[in-house]
Amino acid sequence: MKSYIDELDRNIFNFVEYEGYDDRYPSLSMQAFSSDFYDEIRHASRRLFQIFCKAAKVFQMAPDDFARNMDMPDNLIPYLHKSNALGLPTWLSRFDFVLDVNGNLRMVELNADTPCFLIESYYANEVAANYVGRKHPNKACREELRIFLKRMYNAVLSAKYGRDVYESMIANGGCPSKEAFVFSCFHDYFEDYGTTQFLMNELKSACPEADTRFISFYDMKIDDKGIPLADGSHATLLYRLHPMELLIDERTPDDEPLGEMFLDLYEENTFALFNPPESIILQNKSFMSLVYALYLTDQFFTKPDRDIIEQYLAPSYFENDFSALDDGLYIQKEIWGREGRHVQVVQKRGDTSEIYMEKLVDNYDDIICRDSKKVMYQDFIQQKRFTHTVDCGVKDGFLTLSCFMLGDQASAVGCRFSPEEIAGTEAYFVPLLIE
């Protein structure tokens with residue numbers, strides 16, 4: 001039966017069909033909420049971002065041992081204090097929320113380093129809504145993305161040349177020549193490649209004069225001037241869809257510390273990074289524990305900040321605090337886990353705990369992530385149930401709702417549906433509509 005999925009351009013959305021899965025990734029059904037609901041998720045994301053930025057400064061001012069206790073790679077810590085062109089710890093991020101049994105939003109994750117799900121939210125959601133002639137919550141969001149990318153590009157060049165000099169250049173004919181914005185990922189991972197190409201094309205649409213280039217990480221090199229390009233120039237700005245916690249430990253064929261050499265060049269201002277290295281502070285799952293610990297002190301955040309944390313942030317705890325928690329169900333997450341890997345729900349009873357539920361990941365070996373030395377805990381949130389239709393039929397399950405942040409501005413929202421309470425790679429993309 002024909003559906004909106006047939007209208008999706010596979011040159012843009014290149015992972016509609018995914019090897020190893022019987023169903024296509026997009027669901028056949030769609031999900032509608034009120035305009036007020038979408039306003040709320042954007043408001044919550046915007047305010048949580050402001051709160052997280054305040055907490056990031058606490059992390060950056062703390063002794064290095066504090067970072068080590070949060071399982072931050074020791075060799076990455078020296079690179080987390082540099083200022084950047086936007087003055088924000090992350091430039092492009094994605095908040096993830098679940099709905100409790102009463103339909104209330106609870107924020108459970110922040111993807112601050114290498115967020116995906118852009119194509120689904122900024123492109124496919126609109127295709128689906130137009131196909132059925134319905135209004136959707138992301139109208140004008142793609143233009144927001146383009147404006148943001150152009151602003152980011154200009155901010156990087158302004159920081160390089162100085163604001164007055166750069167504005168004079170713009171007034172006299174546009175962007176400087178040979179200022180390459182390189183987009184990079186491992187090209188054989190389809191979702192990453194599609195996302196990288198999508199962002200590159202969106203910048204090109206917003207700023208046609210920009211010198212945009214794609215380089216696979218397999219082919220990228222560094223020298224003493226930065227990232228060399230085929231024409232003899234060097235990259236001015238690099239978008240990297242590769243986790244910082246993995247990059248820092250990578251080695252050259254001669255066993256040199258490639259990750260550290262790369263970040264040394266960044267520190268020397270040979271190129272700018274999108275996202276900047278300090279995005280890893282917010283990506284670290286213990287960061288939510290830090291925010292919640294600061295909330296519990298009753299001294300750090302303002303009353304409006306505290307109200308937002310209480311309403312939206314799932315209570316989060318450091319590993320060392322688990323023994324002091326009340327009895328009940330808690331979700332246990334590895335600090336560097338991805339796609340639901342090694343996530344468990346544990347039942348705490350006094351000084352003991354036992355596994356109540358465990359996330360079983362089918363493609364465990366395909367999920368590349370750093371080995372974690374520590375875990376964090378969150379209150380386990382009983383979720384509201386939904387039903388959606390996928391290729392194999394109707395399924396019962398749960399929603400994860402996302403909101404992208406372009407800098408400090410809330411933008412597109414997106415939805416995934418999983419038959420399991422802990423979502424992973426089995427989740428489906430679900431288009432969002434306005435009731």
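Q: What makes the charged end of Arg416 count as sitting over the ring of Phe117?
A: The charged end of Arg416 is 5.2 Å from the centre of the Phe117 ring. A charge sits over a ring if NZ of Lys or CZ of Arg is within 6 Å of the ring centre and within 35 degrees of the ring normal, so both conditions have to hold. Lys82 has a place of this kind too, over the face of Tyr266 at 5.5 Å from the ring centre.

Q: What sort of model do these values come from?
A: This is a predicted model, in which local features need pLDDT of at least 70 and side-chain atom pairs count only at pLDDT 80 or more, while totals for chains, interfaces and linings use all residues. Residues are numbered from 1 along each chain as its sequence is written, and side-chain values use heavy atoms, with hydrogens and water left out.

Q: Why is Tyr18 called partly exposed?
A: Buried means under 20% relative accessible area and exposed over 50%, with partly exposed in between (1.4 Å probe, protein chains only). Tyr18 has 24% relative accessibility, so it counts as partly exposed. Tyr21, at 34%, therefore gets that label as well.

Q: How do you know that the length of α6 agrees with a helix?
A: Helices (H or I, at least four residues) and strands (E, at least two) are DSSP runs, numbered from the N terminus. The expected span is 1.5 Å times one less than the number of residues. For the 17 residues of α6 (190–206) that gives 24 Å, and the end C-alpha atoms are 24 Å apart, so the two agree.

Q: What makes α6 mostly covered?
A: Twelve of its 17 residues are buried, among them Phe198, Leu199 and Met200. The cover includes β2 (92–99) and α3 (118–132).

Q: How do you know that β2 and β3 pair?
A: Two strands pair if DSSP finds at least two bridges between them. β2 and β3 (residues 105–111) have six, in the antiparallel sense, and Phe97 has Met107 as its bridge partner in β3. β2 also pairs with β14 (residues 393–406), over seven antiparallel bridges.

Notes
Contact = heavy atoms within 4.5 Å.
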